[in-house]
Amino acid sequence: MRFACILAAIGTVLLSGVSLAQGFEIEERVVYDATQGDAEIQVLSTADRAVFEPILLAFQAENPSITIDYTIASTREVMKAVEGGDAQFDLIISSAMDLQTKLANDGFAQTHRSDATLQMPDWARWRDQIFAFTQEPAVLIVSKSAFPNGNVPTSREALIALLRDEPERFLGRVGTYDVRTSGFGYLMATQDARMSESFWRLLEVMGRLEPRLYCCSGAMIQDIRSGKLALAYNVLGSYAAGELARTGGFEIVVMEDFANVMLRTALIASNAKNVDEAKIMIDFLVSLDSRPDLIEASGLPALDADQLAENAALRPIRLGPGLLVFLDRLKRQSFLRSWEASITQN
Amino acid sequence: MTVRSQQGSIRRRLFIQLAAIAALLSILLFLVVRGLAGSAAEATQDGILAASATSIADALRAEGGSVTLDLPYSALSMLGSVNQDRVFYSVVAEGETLTGYSDLPEPRPLPTLSSNTFQTFDYRGEEVRMVSVTRSVSTGVEPVNVLISVAQTREGLAAVTQRITTFATAAGVGFFLVATALSLWAAQTALAPVNAMASAVTRRGPADLRPLTTEAPTELQPVVEALNSFIARLRASLQRSEDLIVEAAHRVRTPLATVRAKAEVTHRKLQKPEHRQTMREMIRAIDESSRSAGQLLDHAMVTFRSDHLEPENLELSEILRETISRLEPTAELKDVGIECNYPAAPVPFRGDWLLLQSAMVNILDNAIKYSPEDSSVHVELTNGESIRISVTDQGRGFGETDLNSLKSRFTRGSNVSDIVGSGLGLTIADDVARAHGGYLEITSNQKGQGACVSLVFSPQ
Ligand SMILES: Nc1ncnc2c1ncn2[C@@H]1O[C@H](COP(=O)(O)OP(=O)(O)O)[C@@H](O)[C@H]1O
Ligand SMILES: [Mg+2]
């Protein structure tokens with residue numbers, strides 16, 4: 001019965017891949033009509049509809065009076081939309097922790113304190129304005145066919161040694177993010193660089209192997225499966241896990257020296273109209289760990305302090321002004337210059 | 001009588017003054033703690049901001065003839081590790097923003113190479129603290145002046161200040177409460193000798209006029225001395241009037257005895273019955289006067305001995321017996337019979353023989369005096385829940401007289417004007433009873449006409 005109701009509540013996909021007059025580009029917009037009442041919430045998010053729909057429907061099942069207007073855009077467009085100030089959204093959900101931090105720092109977020117948010121670990125929120133609700137590590141994925149005997153490297157040092165020792169085996173078969181176009185790739189690369197000198201050496205070695213550069217995790221996984229790639233570095237772990245469960249054919253390696261963990265975050269826009277609804281949704285999102293069904297359905301791993309305590313190599317990226325550093329214009333320029341110099345050697 | 005205190009209580013004044021001082025000190029403590037801790041917190045923020053700006057300045061370098069910067073991660077992350085405040089920065093070379101927030105205002109005054117500028121102002125809707133440092137970077141051609149500013153909102157500082165204020169308030173209030181309690185105690189202790197002295201004086205019996213020997217602090221020494229000298233004067237004056245009474249009684253009694261003896265002789269010589277009658281009345285009046293004088297002496301004696309009671313082990317039946325035998329002649333003159341009832345066992349008692357006898361004499365004397373001729377007086381000593389010596393007669397009783405008033409000096413009943421008396425007998429008996437921890441009970445004869453007067457003591 002209830003399920004039918006929910007299905008009925010899903011509205012039409014209004015727009016797809018269309019540029020709005022507001023000065024930023026959206027990928028998709030879905031409206032989930034409320035079955036009763038006329039409350040509303042406007043969400044701007046970087047999460048794909050397929051990933052987020054189960055969560056939105058569960059939210060609406062709990063709050064049947066709230067119509068959800070869900071707009072999907074890339075991280076850069078989200079930033080543009082909010083900073084430009086001409087777009088009107090209540091809740092901003094993004095995987096770009098650095099950009100979310102900048103929004104809060106520059107005054108585009110509202111403070112929210114509730115029982116649910118106060119129970120969160122300290123590292124999962126900043127200023128009571130940014131709230132993390134998932135923890136997604138960056139992983140190495142390797143094609144099973146390229147490593148028939150196992151012997152998969154589990155640290156950057158081992159990976160460097162492997163790539164250096166057997167260049168002919170990996171020539172043209174190594175993939176990673178093009179950090180010039182991918183926000184997530186840039187975030188992971190800068191965090192890598194911050195954490196360890198080995199990152200630059202790894203880039204050097206990869207650069208000699210004519211690496212393929214990608215915009216997104218999906219394409220990398222695709223090429224791993226097809227055998228085009230032997231390994232791909234810094235793939236979004238949650239996405240990879242989802243694909244692995246569906247199709248198989250590759251292996252996920254969480255690096256043992258350290259693995260950066262990206263936190264997907266939400267914030268309430270300072271110019272939000274439906275602040276109360278936004279707060280309800282924040283509280284819903286940060287309690288994701290109490291809904292294993294949704295974790296399963298969306299493939300988004302909820303915050304799990306125990307898991308972090310067990311595996312010391314998992315390093316959640318720290319929210320806070322440190323993230324502003326790599327958004328600095330000069331810093332970005334010089335980082336990209338170094339990155340390019342290392343990765344494109346031929 | 002209570003003394004109205006127009007000057008108020010010293011203790012209260014002392015306490016209020018001490019409490020006021022404590023309050024003042026508490027407020028001072030509060031202000032000092034908050035001031036010091038607050039400025040320490042501010043200095044901490046300034047220090048971190050300066051460290052951040054300096055680390056940015058240190059990362060400046062020249063590249064291809066122009067200034068460039070590799071923003072150190074720690075420059076901003078160190079700010080985030082202390083609190084969750086918003087952070088803004090700008091790097092300006094020769095008036096042009098190299099990187100950072102270009103709308104950060106220019107510092108006033110401009111920092112020099114040797115001194116940084118700290119400023120507080122509103123930026124993007126919030127109060128921020130900004131530090132600015134300057135560096136000159138040589139680019140090969142001409143050194144370029146670079147201005148680095150790092151600003152941070154002050155929510156963390158406000159939270160710290162709030163905590164400090166709470167702490168300072170608690171410290172101030174705590175200090176005040178403790179100090180006030182101590183003031184109360186101090187006022188109490190300071191005045192304890194005064195209270196001790198007062199209660200030493202209050203506890204005294206009405207006739208205790210010994211000098212005060214309580215240990216008194218130096219400040220109270222004059223008071224004690226003044227009090228003692230006053231007591232001495234009072235005692236001297238009381239002694240004088242007591243002496244006067246005793247002396248007067250003596251002086252009256254001796255000539256009275258002479259006059260009585262002469263009247264006795266004259267009475268025997270007289271022949272005419274009416275003359276003899278007149279003379280007899282004269283003798284009776286003389287007797288009464290001398291008895292009154294005796295009672296005055298007794299009263300003085302009782303007062304003195306009650307104040308310095310030196311009790312001995314006595315036996316009450318014995319005293320009673322002796323008293324009765326002393327008064328038997330008087331009773332016989334009036335044909336009044338005295339019936340006695342003693343308990344089988346002796347009645348031991350600690351007290352003063354003379355005083356007890358004087359009390360019994362006065363009570364028994366009244367009974368005989370107010371009895372008609374040819375009647376009987378019933379004396380009974382019982383030793384039960386209390387020791388009781390009661391004397392019951394069949395005389396006129398007390399009539400309408402208020403029984404309690406009879407214990408006062410020189411007070412007589414309203415129905416006895418025809419009989420001479422001094423009004424001291426029951427006073428003496430009452431004084432003696434109270435000196436021995438007992439009381440005098442005055443009632444009417446329960447079994448008919450007459451009075452019943454009893455000495456009642458608690459058993460020992
Ligand atoms: N036994 C008694 N019968 C009647 N009245 C008495 C008796 N004893 C005492 N009183 C009353 O008490 C008064 C006080 O007695 P007391 O002090 O002995 O004085 P007084 O010298 O008059 O006897 C007497 O004047 C009398 O009125
Ligand atoms: Mg009498």
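This is a predicted model: local features need pLDDT of at least 70, side-chain atom pairs count only at pLDDT 80 or more; totals for chains, interfaces and linings use all residues.
Local features required pLDDT of at least 70 and side-chain atom pairs counted only at pLDDT 80 or more, whereas totals for chains, interfaces and linings used all residues; side-chain values used heavy atoms, without hydrogens and water. Residues are numbered from 1 along each chain as its sequence is written, with chains lettered from A and ligands numbered from 1 in the order in which they are written.

Chain A contains 16 helices and 13 strands. These are DSSP runs numbered from the N terminus (helices, H or I, at least four residues; strands, E, at least two). Chain A has 346 residues, and 58% of them count as buried. Buried denotes under 20% relative accessible area, exposed over 50%, and partly exposed in between (1.4 Å probe, protein chains only). Among contacts in chain A with a separation of 6 or more, 77% join residues 24 or more positions apart. A contact requires heavy atoms within 4.5 Å. Areas come from the Shrake-Rupley method with a 1.4 Å probe; for residues, only the protein chains shown count as cover.

In chain B, a nonpolar surface patch covers about 620 Å². Its members are Ile21(B), Leu25(B), Leu28(B), Leu29(B), Val32(B), Leu36(B) and Phe175(B). Patch residues have over 30% relative accessible area and no salt bridge, and nonpolar side chains (Val, Leu, Ile, Met, Phe, Trp, Tyr) are joined within 5 Å. A salt bridge places a side-chain nitrogen of Lys or Arg within 4 Å of a carboxyl oxygen of Asp or Glu. Helix α1 (residues 10-58) of chain B gives the most, six residues. Ile21(B) lies in this helix. Its relative accessible area is 48%, so Ile21(B) is partly exposed.

The largest pocket has a volume of about 1,400 Å³. Its lining comprises 40 residues; Arg284(B), Asp287(B), Glu288(B), Arg291(B) and Thr330(B) lie nearest its centre. On a 1 Å grid over the protein atoms alone, a pocket is an open set of points where a 1.4 Å probe fits, with protein on both sides within 12 Å along at least five of seven lines; lining residues have an atom within 4 Å of a point. Helix α5(B) provides the largest share of the lining, 14 residues.

Leu320(B) is found in helix α6 of chain B. Leu320(B) counts as buried because its relative accessibility is 4%. Beyond four places in sequence, Leu320(B) touches Tyr342(B), Met360(B), Val379(B), Leu381(B) and Ile389(B).

Conventions:
Patches are made of residues with over 30% relative accessible area and no salt bridge: like charges are joined within 9 Å, nonpolar side chains (Val, Leu, Ile, Met, Phe, Trp, Tyr) within 5 Å. Grid points are joined across faces, edges and corners, and a volume is the space filled by probe spheres set on the points.
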